[in-house]
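My notes follow in the order I took them.

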Amino acid sequence: MTQAPPAATKRQPVPRGIARSGPVLFSYGFRPFFLAAGLWAIAAMALWVGALAAGWEIGGSYGGAYWHAHEMLFGYSSAALAGFLLTAVPNWTGRLPVSGTPLIALFALWCAGRLVLLAPDSVGLPLAIAIDAAFLPALLAICAREIIAGRKWKDLKVLAGILALALANIGFHLLVTGGGDAALANRLGVGAFVMLVTIMGGRVVPSFTRNWLARRHSSALPAPFDRFDTIALLTGLAALLLWVILPDTILTALACLVAAGLHLGRLWRWRGGQTWDEKLVLVLHLGYAFVPAGFLAIALVQLGWVEPVAALHVFTVGTIGVMTLAIMSRATRGHTGLPLAASAMTTASYAALIAAALLRPLASVWPDRATELLSATGLCWILAFALYVIEYGPVLVQRRRERGD
């Protein structure tokens, strides 16, 4: 009878964890994706400003305006989301993070999408779209594996958000290439991102605020998650669905008004007014404030007081832009051993992006100054992310120490 080989000679599975060899950039998910998000935020906006001001041709047969909308929503924002999730999900599940070769493969897929859509006719529009559309399903598969393996069933709602984004991205491509109106898919993508902000922001904003206030022995701490938060989330979801499907109805306006009030109340319960001395915490509250502001802007569209595109940009530049920059800078500091306090450069980047979020809707209010306001918005956006890349780029590439908040 043939004997089994000694246990010592059996092949043992290689544990998956933080890569200790190879480039530091690919040792943890936040590193490549936050750096790429910052660089692409600069490059994509610079190209769009050039297209508006100097007539640069971007996006080939895809169309410059569609390319801009897609790359801000599904290019930049998806990179920021991936960096956050690949860092947060291991904390939620207690499992080791995706690192090394798998991370390189996922990052290469995101980069490939940016390259082929920049000049889609060079590889053919169908192939370019297929390459870009593969990233979000791949991210969904990775997050689903980790959340299911970790049995964190309450986090399945995050997977629903990523799935909605993936479907919105595919729908956006199909509508653009089919000659349809991509606005519905655009609203679905924006709505999915806003919903993810309300879900994940409901974790990080009160948690980081509570930690900061507790260290200062404050007795007035953020309210814990309770039924009020559940009602606010469900109302926000209903309002966003109505906005996606029926954007020009009184019912949508009323739902958005209710959602605005509830999310403003939710924000007030988190005690943001006590965090003025620490901009790293304060900016989370300011970013979340664009959630009720966005709902209010959508409601005011029905009264003719706000243009639909202006309301849309309250969500995109304000909610998505400010919150992603806030999370990127905080996570970078927290996971590389830097002090959890905003530097002067970080604070300046926040100010520049909030200025962009406030300036962009004004282009619809003052159409005679639209060109100047759009250019100013783009420059403020570029400045905000340039400051992030200048300050944190070297840290993301070189600094190896990782730790949590």
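This is a predicted model: local features need pLDDT of at least 70, side-chain atom pairs count only at pLDDT 80 or more; totals for chains, interfaces and linings use all residues.

**Entry 1: salt bridges**

I started with Asp155, which forms a salt bridge with Arg203, the closest N and O atoms being 2.1 Å apart. Asp155 sits in the loop between α5 and α6 (156-177) and Arg203 in helix α7 (residues 183-215), so this pair ties together parts 48 residues apart in sequence. My rule for a salt bridge was a side-chain nitrogen of Lys or Arg within 4 Å of a carboxyl oxygen of Asp or Glu. Helices here are DSSP runs (H or I, at least four residues), numbered from the N terminus.

Local features need pLDDT of at least 70, side-chain atom pairs count only at pLDDT 80 or more, totals for chains, interfaces and linings use all residues, and side-chain values use heavy atoms, with hydrogens and water left out.

Next I checked accessibility. Buried means under 20% relative accessible area, exposed means over 50%, and partly exposed lies in between (1.4 Å probe, protein chains only). Asp155 is buried, because its relative accessible area is 1%. Arg203 has 28%, so I logged it as partly exposed.

Asp229 and Arg266 came next. They form a salt bridge with their closest N and O atoms 2.8 Å apart. The pair links distant parts of the chain: Asp229 is in helix α8 and Arg266 in helix α9, 37 residues apart. Asp229 is buried at 2% relative accessible area. Arg266 is buried too, at 1%. Salt bridges that share partners join Asp226, Asp229, Arg266 and Arg269 into one network.

I then looked up Arg145. It forms a salt bridge with Glu146, with the closest N and O atoms 2.8 Å apart. Arg145 is partly exposed at 42%, while Glu146 is buried at 4%. How many salt bridges does the rule give? The count comes to 10.

**Entry 2: helix packing**

Two packed helices are described by the angle between their axes and the distance between the axes. I fitted axes as lines to C-alpha atoms over the stretch in contact, with angles from 0 to 180 degrees between N-to-C directions. Angles over 145 degrees count as roughly antiparallel. A crossing is left-handed if the near helix is turned anticlockwise from the far one by less than a right angle.

Helix α3 (residues 101-118) packs with helix α5 (residues 135-149) at about 155°, their axes 9 Å apart. That makes α3 roughly antiparallel to α5. The crossing is left-handed.

For helix α10 (residues 279-301) and helix α11 (residues 308-335), the axes come within 8 Å and cross at roughly 165°. I therefore logged α10 and α11 as roughly antiparallel to each other. α10 passes α11 in a left-handed crossing.

The axes of helix α12 (residues 344-365) and helix α13 (residues 370-398) come within 8 Å and cross at roughly 160°. α12 is thus roughly antiparallel to α13. Their crossing is left-handed.

Which residues make the nonpolar surface patch of about 470 Å²? I found Leu234, Leu237, Leu241, Ile245 and Leu246. Patch residues have over 30% relative accessible area and no salt bridge, and nonpolar side chains (Val, Leu, Ile, Met, Phe, Trp, Tyr) are joined within 5 Å. Leu234 lies in helix α8 (residues 227-245). At 55% relative accessibility, Leu234 counts as exposed.

Last, I checked Val258 in helix α9 (residues 250-268). Val258 is partly exposed at 48%.

Notes:
Residues are numbered from 1 along each chain as its sequence is written. Patches are made of residues with over 30% relative accessible area and no salt bridge: like charges are joined within 9 Å, nonpolar side chains (Val, Leu, Ile, Met, Phe, Trp, Tyr) within 5 Å. Accessible areas come from the Shrake-Rupley method with a 1.4 Å probe; for residues, only the protein chains shown count as cover. Helices (H or I, at least four residues) and strands (E, at least two) are DSSP runs, numbered from the N terminus. Angles under 35 degrees count as roughly parallel, over 145 as roughly antiparallel, 65 to 115 as roughly perpendicular and the rest as oblique.
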